[in-house]
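User: I have a model open and would like to go through it with you. Could we begin with the strands?
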Amino acid sequence: MNKKNNIINKRKQKVRRVRVIFLTLALIFMFILLIFGKNKLNSYLDTSFTEAQGISEDRIPSLDEEVKGPLSGKKIIVDAGHGGSDPGTIGPRTEVQEADLSLKISYILEGKLKELGATVIMTRTEQITEQLGTDTKLKIEDRGKVIEDANADMLISIHQNFNEYSSEIKGTQILVRKQGSLDFATSLQKAFNQELGVNLKYILEEYHVLKYGDQPSVIVETGFFSNSQDEIRLQEDEYQERLINVLCDEIKEYFDTIEKK
Ligand SMILES: [Zn+2]
């Protein structure tokens with residue numbers, strides 16, 4: 001029995017040793033697999049991350065990316081007149097509201113100025129207008145704060161006009177304050193007169209949005225709702241585009257001239 005037991009014990013020991021070696025090898029193998037597998041996974045993730053970035057860089061332009069153009073580096077405030085509980089002037093034939101039309105024209109101006117490389121700040125947006133509802137209007141002080149905080153190179157305020165005494169008067173008229181804006185107003189009024197075949201004179205104004213900030217500031221009264229032709233054409237895309245083109249050409253010209261001085 002003893003001899004037999006010895007043989008059995010030796011066999012058991014041998015089996016145990018084989019098991020230990022097998023387990024150790026298995027552990028080493030699993031360890032290698034783990035490290036190698038993780039590295040491979042990481043490199044795969046890295047590659048697909050880069051690829052994903054590559055795709056997004058190619059297809060989605062960055063929002064912060066500035067367009068290079070003749071107005072690069074210029075900050076221009078676009079102020080859409082009225083809004084909220086203040087509809088402004090109302091067209092007697094079509095019931096168009098100055099507040100709505102001014103906002104639409106302001107957005108076209110914003111787009112065009114951005115295309116030319118300018119940074120644009122809007123005092124009134126669709127979102128602000130929605131928040132105003134029909135009970136409140138944008139306070140002049142709030143517009144003033146935006147204008148003064150912006151420290152901009154120019155302010156363009158968009159409105160429409162109404163002449164109670166004459167339905168004949170038509171065309172775009174500039175309102176301007178004396179301080180630093182007269183040269184611009186003179187050439188702007190001249191350009192609109194030439195484009196529209198009218199002979200309007202700019203008007204000196206020292207109040208409203210024109211009193212805020214140090215930048216050249218003009219109110220562009222794009223047309224007269226008291227005139228039937230103006231009331232209709234002001235609502236046409238092509239005519240709006242035409243006015244914005246005159247305005248932007250003069251803005252470019254203005255900055256060109258002061259930079260050459
Ligand atoms: Zn107005």
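Analyst: This is a predicted model. Strand β4 (residues 173-176) is joined to strand β6 (residues 217-224) by 4 bridges, and the two run antiparallel.

User: Which residue stands opposite I174 in β6?
Analyst: The residue opposite I174 in β6 is V220.

User: And how does β4 pair with β5?
Analyst: Strands β4 and β5 (residues 203-204) pair in the parallel sense, over 2 bridges. Within this pairing, V176 of β4 stands opposite L204 of β5.

User: Which helix goes with β4 and β5 in a β-α-β unit, and what is its hand?
Analyst: Helix α5 (residues 182-196) makes that unit together with β4 and β5, and the unit is right-handed.

User: Which way do the residues of β4 point, and are they buried or exposed?
Analyst: Q173 and L175 point one way, while I174 and V176 point the other way. All of these residues are buried.

User: Changing topic: what coordinates the zinc ion?
Analyst: The zinc ion is coordinated by H82 through NE2, E98 through OE and H159 through ND1, at 2.1 to 2.2 Å. The spacing of these donor residues in sequence is H-x15-E-x60-H.

User: Where do E98 and H159 lie?
Analyst: E98 belongs to helix α2 (residues 98-115) and H159 to strand β3 (residues 154-161), so the pair ties together parts that are 61 residues apart in sequence.

User: Are those two buried or exposed?
Analyst: Both E98 and H159 are buried.

User: What about aromatics; how many pairs are there?
Analyst: The count comes to 2 aromatic pairs. One of them is formed by Y254 and F255, which are edge-to-face, with 5.2 Å centre to centre and 70° between the planes. Y254 and F255 are both buried.

User: Which residues do the ring pairs link into a cluster?
Analyst: The cluster consists of F184, Y254 and F255.

User: Now the whole chain: how many helices and strands, and in what order do they run?
Analyst: The protein has 7 helices and 6 strands. Starting at the N terminus, the order of elements is α-β-α-β-α-α-β-β-α-β-β-α-α.

User: What share of the residues is buried, and what is the accessible surface?
Analyst: Of the 261 residues in the protein, 38% are buried. The accessible surface comes to about 16700 Å², and carbon and sulfur atoms account for 54% of that surface.

User: Last one: what share of the contacts with a separation of 6 or more is between residues 24 or more positions apart?
Analyst: Residues 24 or more positions apart account for 81% of those contacts.

Definitions and conventions. Residues are numbered from 1 along each chain as its sequence is written. This is a predicted model: local features need pLDDT of at least 70, side-chain atom pairs count only at pLDDT 80 or more; totals for chains, interfaces and linings use all residues. Side-chain values use heavy atoms; hydrogens and water are left out. Donors are N, O and S atoms within 2.8 Å of the metal (3.2 Å for Na, K and Ca); water is not among the atoms, so sites may look incomplete. Buried means under 20% relative accessible area, exposed over 50%, partly exposed in between (1.4 Å probe, protein chains only). Two strands pair if DSSP finds at least two bridges between them. A crossover is right-handed if, with the strands pointing away from the viewer, the path from the first strand over the helix to the second runs clockwise. Rings of Phe, Tyr and Trp (its six-membered ring) pair if their centres lie within 6.5 Å; planes under 30 degrees apart count as stacked, over 60 as edge-to-face and the rest as tilted. Contact means heavy atoms within 4.5 Å. Accessible areas come from the Shrake-Rupley method with a 1.4 Å probe; for residues, only the protein chains shown count as cover.
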